[in-house]
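Here's a quick walk through one model, from a single side chain out to the packing around it. Have the viewer open as you read.

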Amino acid sequence: METTNSANRINRLPITRFHKIIIVVVAVAYFFEFADINTFSTTAPKISQVWGLDVNHIAYITSISFVGMFFGSLIGGWLADRAGRKTAFLYTTVWFSVFSAATVFAWNIYAMGILRFLTCAGLSAMTVVAVIYVNEIFPAKVRGKYLAYAMVIGICGTPVTNLIASAIVPINDWSWRLVFLWGTLGVVILFMIRHLPESPLWLESKRRFSQGEGVLQDMETKVAAFAGELPTPLAPVAEVREQKTSGLRTILQRRYLVPLLVLTVLWVTQTVGFFGYSSWAPTLLSKQGISIEDSILYVALATIGAPLGSLLAAFVTDKFERKWLLVIFGTTIGISGLLYGLTFNPIMVVVFGFLVNMFERGYTSLAYAYSPELFDTRTRSLGTGIAYGIGRLSNAIGPLVIASLYTSTGYASVFVFIASIWVVGAIVLALFGRNTKIPVVQRADSALTKTASAIGDEK
């Protein structure tokens, strides 16, 4: 039997300093991703004032950014399969950092749109690669918790960016550009990438068994140095063979298509629901008569809830079924977001905004863990990339809908729409979402290896 038995050997490893270093590297990348993805929303009120833009211009920039995310998700999934998880992680992080730096020099709305398209393509690609990487490197029983821990650190990029913006943007008519410079610091990953091993699961899926064995032995040696003798792994189910059918044909099989459709709804509702809120909150508050400085400050204070949401997810993600946690969190976000839109009391704006940020970031942490678990190694990158990408693409339309609602029916209707989106996502997950406790994932991997073995026998 030609296999490195990667999944079972990884799943029996205890968590040590080796794993914690990896999650810190991922967390740093997340930090600057979340920092960068919020740079435009926090600077939009000032850019609107300086360049004389209206709500429709802001919708244009926001929409084209999410078109970039769609292509980035597909490219990220493709690159992760072709070049490897580690290499793809490095390339995509450098990509978004470089184009964020270029945005400092944007001279008009069209240049801003192109540069945000390219930056957000890198952001989305990196996110897809990172969630796949953590899924394949960490033991199944704790991968959700440690991915959420990475999000706790990473998501601090949102309030830090908003607080920096609230101090820098009002200085003068060009100081908003410095906020984009802040987003470029993700290039620090260049100095940390050496701590990351390539995914043995990916190497095994490509039949690069000797390389996979070398990586596994190195991982086991480093873990054993901290934890002592390691337990014996379970035996492999069957030989891993790469199928000849194309990835797209495979993902359209019923056992993958159903979770793919559910995940697509999950990411569409999450994207339109959250980014509809976060991208528009500062601008809409300022349009309602609240000063630019105060609107940015209120949003900055509300986003302090974001890392607490990821921390909450870390405590519950591996203890309860992720599907039902997503349903509960999504419903709570919808209610909190609606109440946010119905008050102009500064304290209530901050409180309900805090709740939206806390539960949404918890929701995202859960979704990042939930998504790749529905697929095996062969379909993980493609399935996650397609669902995540379509979700991001949906927000190319979302801002236009929000702008239309705002101009035709007013401020409150925007938040009714956003709340409804979250409730729809929760209902679809409750009715059609699959449970993803570890035995379910093991059965999926077992089905893959048995199918692959059968193909090998036919030859």
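Y370 sits in helix 17 (residues 346-373); helices here are DSSP runs of H or I with at least four residues, numbered from the N terminus. Because its relative accessibility is 0%, Y370 counts as buried (buried means under 20% relative accessible area, with a 1.4 Å probe and protein chains only). L326 is 44 residues from Y370 in sequence, yet their C-alpha atoms are 9.2 Å apart.

A word on ground rules: this is a predicted model, where local features need pLDDT of at least 70, side-chain atom pairs count only at pLDDT 80 or more, and totals for chains, interfaces and linings use all residues. Residues are numbered from 1 along each chain as its sequence is written, and side-chain values use heavy atoms, leaving out hydrogens and water.

| Residue | In contact with |
|---|---|
| Y370 | L263, L266, R322, K323, L326, L429, G433, R434 and T436 |
| F89 | V25, V26, A29, M126, V129, A130, I189, I193 and L196 |

Now the cores. A nonpolar core is a set of buried Ala, Val, Leu, Ile, Met, Phe, Trp, Tyr and Cys residues joined through side-chain atoms within 4.5 Å. The largest one has 107 residues, and Y30, F89, I189 and L266 touch the most other members. Helix 2 gives this core its largest share, 14 residues. There's also a second, separate core of 17 residues, including A44, F99, V104 and M112.

Methods
Helices (H or I, at least four residues) and strands (E, at least two) are DSSP runs, numbered from the N terminus. Buried means under 20% relative accessible area, exposed over 50%, partly exposed in between (1.4 Å probe, protein chains only). Contact means heavy atoms within 4.5 Å. Lists of a residue's contacts leave out its neighbours within four places in sequence.
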